[in-house]
Amino acid sequence: MLLRLSSVQFAMWEMRVYLDTHLDNKEAQKLYKKYAKQYEELKEEFEEQFGPITLSDGNSDEWLKDPWPWDNQ
C-alpha cells in the first residue's frame, strides 16, 4: 500500500513540476487533479490502517502505540 501511495504522490509531483512551465495545459491540470484526489484517498486508507503517515497528520506519539504495522500480518 505504501508503494502505491508513493507512486501516486510521485506522479502528482511530476505533474505539478510540468504545470510550472505549461500552465495552460488543460489535460495536465486534469491529470494533476486526478492524482491529487487518488493520493488523498490512498493516504486516508493508509492512515486508517496504520496511523498517521507524517508528524503533522496527527498526534506525533501515535506511532508508538501497538500494534506496529508489521504486527498486522
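Author: Contact here means heavy atoms within 4.5 Å. Among contacts in the chain between residues at least 6 apart in sequence, 44% join residues at least 24 apart. The model is a predicted one.

Reader: What is the secondary structure of the chain, and what share of the chain is buried?

Author: The chain comes to two helices and zero strands. Of its 73 residues, 21% are buried, a label for a relative accessible area under 20%.

Reader: Why are H1 and H2 called roughly antiparallel?

Author: Helix H1 covers residues 2-21 and helix H2 residues 26-50, and the two pack at an angle of about 150 degrees. Angles over 145 degrees count as roughly antiparallel. H1 and H2 are therefore roughly antiparallel to each other. Their axes are 9 Å apart, and H1 passes H2 in a left-handed crossing.

Reader: Which residues make the contact between H1 and H2?

Author: From H1 the contact includes Leu 2, Leu 5, Val 8, Met 12, Met 15 and Leu 19. From H2 it includes Leu 31, Tyr 35, Tyr 39, Leu 42 and Phe 46. By class, the contact of H1 with H2 has 16 nonpolar, three polar and four charged residues. Among the residues in contact are Gln 9 and Arg 16 of H1, and Gln 38, Lys 43 and Glu 45 of H2.

Reader: What makes Phe 46 and Phe 50 an aromatic pair, and why is the pair called tilted?

Author: Their rings lie 4.8 Å apart, centre to centre, and rings pair if their centres lie within 6.5 Å. The planes are 45 degrees apart. Planes under 30 degrees apart count as stacked and those over 60 as edge-to-face, so the rest, to which this pair belongs, count as tilted. The structure holds one aromatic pair. Phe 46 and Phe 50 both lie in helix H2, four residues apart, about one turn of the helix.

Reader: How do you know whether Phe 46 and Phe 50 are buried or partly exposed?

Author: Buried means under 20% relative accessible area, and exposed means over 50%. Phe 46, at 12%, therefore counts as buried.

Reader: Why is Ser 6 called partly exposed, and where is it found?

Author: Ser 6 is found in helix H1. Its relative accessibility is 36%, so Ser 6 counts as partly exposed.

Note on methods: Residues numbered from 1 in each chain as written. Predicted model: local features only at pLDDT ≥ 70, side-chain atom pairs only at ≥ 80, totals over all residues. Heavy atoms only, no water. Axes fitted to C-alpha atoms, helices over the stretch in contact; angles between N-to-C directions. Parallel < 35°, antiparallel > 145°, perpendicular 65-115°, else oblique. Left-handed = near helix turned anticlockwise from the far one by under 90°. Nonpolar A, V, L, I, M, F, W, Y, C, P; charged D, E, K, R; others polar. Phe/Tyr/Trp six-rings, centres within 6.5 Å; stacked < 30°, edge-to-face > 60°. Buried < 20%, exposed > 50% of the residue type's maximum accessible area, 1.4 Å probe, protein only.
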